[in-house]
Amino acid sequence: MTSLTLVRQIAARPSIVFDALTTPEGIRCWWGPDGGPVLIAETEPRAGGRFRVRFRMLDESEHESSGEYLEFDPPRRLAMSWRWAGDEDKGGESRIEIDLRAVAAGTELTFTHAMLHDEETRLSHTDGWAGALDKLQRHFEALKGTAHV
Amino acid sequence: MVNYETSLDRTFAALTDPTRRAILVRLEREAAATVSELAQPFAIKLPAVMKHLDVLDEAGLISRSKAGRTVTVRLRPEPMREAMDWLQRYERFWSGSFDRLKALAEAQEKAAQAAEARKDGDE
């Protein structure tokens with residue numbers, strides 16, 4: 001399964017990180033790829049509750065994503081479904097899991113965003129591949145310096 | 001650090017070998033080739049080339065079809081391209097987000113510690 005994993009060390013206790021992740025006031029301060037403003041942040045902080053976040057990027061485009069909290073276990077663990085409004089990336093629904101572990105320096109945050117299986121099946125049937133190998137090789141060269149290939 | 005897991009690990013592992021990269025580059029140019037055509041430029045034996053093709057096949061980068069005794073090999077990069085696009089998009093999104101999340105949480109931690117120190121001082 002295709003998934004993205006990020007690990008961050010944060011010099012703050014897990015409860016502070018958990019609140020920053022799940023409260024509208026917290027989300028307004030950090031959500032989005034480039035520091036553009038968050039326009040709407042709504043959360044129902046419980047398992048089965050929903051969230052919705054709309055943000056504007058520095059190029060003026062606006063994007064909105066929403067989903068459901070599948071697991072809500074403060075201050076340790078959060079799992080949620082994720083979908084762009086209007087399915088803008090044609091990606092369907094994906095799944096996010098966040099684990100917060102108390103460490104001496106504060107919190108180790110482990111984040112995983114996973115493409116769901118039916119998405120991958122659908123994508124694998126998409127036609128066209130111009131430039132794909134170029135891109136793969138560029139990416140490979142970029143990664144080679146960093147780690148574990 | 002970013003971990004590209006499972007199928008992408010296989011893809012990148014497949015790409016670490018210069019012979020395999022040369023095979024892919026050639027398949028990109030020629031669309032299809034037989035196994036013996038692919039083996040020709042290399043100073044290695046056919047079974048070794050077959051092993052490289054197995055690795056590329058398992059990584060989903062090529063497909064092989066057999067007609068009689070001839071095996072034809074084709075490039076098959078679609079799943080990887082899509083997976084790569086997906087990963088890059090979300091890596092950008094979440095890396096940027098978590099940089100600011102970290103800054104926010106660390107500022108709040110400092111404020112909380114300062115408040116706790118004041119409270120202890122009052123008691």
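Predicted model: local features only at pLDDT ≥ 70, side-chain atom pairs only at ≥ 80, totals over all residues.
Chain A has 149 residues, and 44% of them count as buried. Its secondary structure consists of four helices and seven strands. Along the sequence these elements follow the order β-α-α-β-β-β-β-β-β-α-α. Contacts within the chain can also be viewed by their separation in sequence: among those between residues at least 6 apart, 37% join residues at least 24 apart.

Two places in the backbone of chain A deserve a look. Most residues other than glycine have a negative phi, and most peptide bonds are trans. Against that background, Pro74(A) and Pro75(A) are joined by a cis peptide bond, with omega at about -5°. Pro75(A) sits in the loop that runs between β4 (62-73) and β5 (77-84) of chain A. The other place is Glu60(A), which is not a glycine and yet has a positive phi of about 80°. Glu60(A) belongs to the loop between β3 (50-56) and β4 of chain A. Its relative accessibility is 59%, above the 50% cut-off, so Glu60(A) counts as exposed.

For a view of the packing around one member, take Phe98(B). Leaving aside residues up to four places away in sequence, Phe98(B) touches Leu6(A), Arg8(A), Leu21(A), Trp30(A), Leu109(A) and Phe111(A).

Charged side chains come next. Over all chains, the structure holds 20 salt bridges. One of them pairs Arg13(A) with Glu109(B), whose closest N and O atoms are 2.9 Å apart. This pair crosses between chains: Arg13(A) is in the loop between β1 (3-10) and α1 (14-22) of chain A, while Glu109(B) is in helix α5 of chain B. The two partners can be compared by their accessibility. Arg13(A) has a relative accessible area of 27% and is partly exposed, whereas Glu109(B), at 7%, is buried.

Arg13(A) also forms a salt bridge with Glu116(B), again with an N to O distance of 2.9 Å. Because Arg13(A) lies in the loop between β1 and α1 of chain A and Glu116(B) in helix α5 of chain B, this pair too joins two chains. Glu116(B) has a relative accessibility of 38% and counts as partly exposed.

A further salt bridge lies within chain A, where the side chains of Glu62(A) and Arg56(A) meet at 3.4 Å, N to O. Glu62(A) is partly exposed at 33% relative accessibility, and Arg56(A) is partly exposed with a relative accessible area of 28%. Both residues belong to one network, in which salt bridges that share partners join Glu42(A), Arg52(A), Arg54(A), Arg56(A), Glu62(A) and Glu64(A).

How values were computed
Residues numbered from 1 in each chain as written. Chains lettered and ligands numbered in written order. Heavy atoms only, no water. Buried < 20%, exposed > 50% of the residue type's maximum accessible area, 1.4 Å probe, protein only. Contact = heavy atoms within 4.5 Å. Salt bridge = Lys/Arg side-chain N within 4 Å of Asp/Glu carboxyl O.
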